[in-house]
Amino acid sequence: MVSAPALDAARMTRALADLVAIRSENPAGREIEVAHYIRDALAPLGFEVSLDEYKPGRVNVEAKLVNGPGPVFAFNTHMDVVPAGEGWNSDPFMLRAEGGKLFGRGACDCKGPLAAMLEAVRLLAADRASWSGTLLAVFVADEEVASEGAKLYASRKPTIDFAVVGEPTSNTVYSAHKGSLRPLVRVLGVPAHSGSPHLGENAVLRAGELLGLIAQTHESDVRHRTHPLVGGASLTVTRIQGGHADNVLPGACDLLLDRRLVPGEDEAAVKADIAALLTEAHRRFGLRAEILEWKPTTGGATETAPDRPIVQASLAACRAHGISEAGPFGFQGACDLVHFRSTGAEGVVIGPGSLSVAHKADEFVPVDEFELSALIYRDIARNMLSA
């Protein structure tokens with residue numbers, strides 16, 4: 001009997017070091033260098049690799065390995081990282097190993113999961129007798145800003161039955177996540193000399209009335225819309241800007257609202273709710289306000305039911321590798337799972353590292369979690385593609 005190929009920890013670490021060294025900070029992304037690295041890694045293994053450069057330097061990668069009849073299983077994560085920023089104790093683009101941790105920008109979000117997925121598909125490609133179906137590795141651009149890559153990929157309606165999305169979850173299973181909407185609202189006033197405020201209408205003061213109504217709406221309605229894994233929905237304000245001169249009554253004041261959705265909420269209905277909120281502000285206070293734009297966000301909320309095969313297989317794989325409290329859990333933020341769910345795929349989110357260190361200086365992934373994640377990924381895929 002031929003034994004299954006063994007995980008190569010040194011190869012994984014080299015891959016992570018190579019990926020971290022590629023500066024795919026978003027903005028501006030430049031995921032194309034990461035895409036070329038993935039192509040060069042997987043094409044020699046028999047994968048059919050296609051690159052979709054939808055803007056200069058912004059590219060999605062799909063690597064496909066057809067191995068007989070069966071379902072279509074996809075690994076997915078993103079190739080972009082947030083800007084390095086300040087405060088690092090070492091070069092953020094040079095992987096540093098210390099104290100059982102691997103430090104670098106993207107070490108856990110999300111080049112750690114990406115490197116682990118590369119190792120998993122290498123193991124699966126070398127052990128084709130153990131599975132049957134189609135294996136995809138889909139790596140996308142722009143998750144950190146607006147998920148343009150995943151939205152574009154999903155819009156083309158690829159056939160995918162099951163998906164595992166890589167994000168830092170400490171190798172536990174997340175089967176649901178929140179979504180977000182961010183309307184930019186302008187409250188209108190009438191400019192006047194600040195020495196004669198009675199001749200105008202102060203948009204900043206009028207915005208204060210709207211702020212009170214937003215807080216009231218959150219408390220009385222929005223926060224009571226709950227989901228067992230992700231908790232409650234929310235409505236708040238994250239930015240405010242008004243006025244253009246020290247001695248002029250502001251004629252406009254802009255508020256950026258942040259509305260977090262829970263699975264089961266409809267985006268169109270929530271947008272209608274926000275429009276109705278502005279109508280109510282006009283009815284109560286005579287306040288004039290309009291939505292200038294909807295800011296780009298990662299996307300809406302979604303879930304895969306806990307009893308679905310992909311969730312159960314993921315929990316089993318995590319537990320088999322020593323994760324006692326495997327889930328399922330729910331993300332407070334958004335991720336690209338929602339876009340794969342829109343294609344009809346059922347999926348989960350799993351990956352090494354913690355969101356608590358993502359986006360920060362000295363971001364890291366624990367070595368043991370990093371190596372273990374590749375085995376978890378392999379086992380989930382092999383289970384869903386069982387021969």
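S147 lies in the loop between β6 (133-140) and α4 (148-155). Its backbone deserves a look: S147 has a positive phi of about 55°, although this residue is not a glycine. Keep in mind that the model is predicted.

One runs from D109 to C110, with omega near 0°. C110 is found in the loop between β5 and α3 (111-125). Another cis bond joins G327 and P328, and here omega is about 5°. P328 is in the loop that connects α7 (309-320) with β18 (329-331).

Now step back to the whole chain. Its secondary structure comes to nine helices and 20 strands. The radius of gyration is 24 Å, close to the 21 Å that the globule rule gives for 387 residues, so the chain is as compact as a globular protein of that length. Along its principal axes, the C-alpha trace spans about 90 × 45 × 40 Å.

Next come the sheets. Strands of a sheet pair through backbone hydrogen bonds, in either a parallel or an antiparallel way. Look at β9 (residues 179-188) beside β16: the two pair in the antiparallel sense over seven bridges. Within β16, K295 is the residue that stands opposite R182.

Another open sheet has three strands, in the order β4-β5-β20, and its pairing is antiparallel. The edge strands are β4 (96-98) and β20 (364-366), each of which pairs on one side only. Neighbouring strands are turned by 25° against each other on average, direction ignored. Strand β5 (residues 101-103) pairs with β20 in the antiparallel sense, over three bridges. K101 stands opposite P366 of β20. This sheet has a helix across it too: α9 (residues 367-384) lies over β5 and β20. The helix runs at about 70° to β20.

One more site remains, the largest pocket. How much space lies in it? About 460 Å³. The lining is made up of 19 residues. Which of them lie nearest the centre? They are E143, E144, T298, A334 and H359. Sorted by type, the lining of the largest pocket has eight nonpolar, five polar and six charged residues.

Technical notes:
Residues are numbered from 1 along each chain as its sequence is written. This is a predicted model: local features need pLDDT of at least 70, side-chain atom pairs count only at pLDDT 80 or more; totals for chains, interfaces and linings use all residues. Side-chain values use heavy atoms; hydrogens and water are left out. Two strands pair if DSSP finds at least two bridges between them. Helices (H or I, at least four residues) and strands (E, at least two) are DSSP runs, numbered from the N terminus. Axes are lines fitted to C-alpha atoms, for helices over the stretch in contact, and angles run from 0 to 180 degrees between N-to-C directions. Contact means heavy atoms within 4.5 Å. On a 1 Å grid over the protein atoms alone, a cavity is a set of points where a 1.4 Å probe fits but cannot get out, and a pocket is an open set with protein on both sides within 12 Å along at least five of seven lines; lining residues have an atom within 4 Å of a point. Grid points are joined across faces, edges and corners, and a volume is the space filled by probe spheres set on the points. Ala, Val, Leu, Ile, Met, Phe, Trp, Tyr, Cys and Pro count as nonpolar, Asp, Glu, Lys and Arg as charged, and the others, Gly among them, as polar. The radius of gyration is taken over C-alpha atoms; the globule rule is 2.2 Å times the number of residues to the power 0.38.
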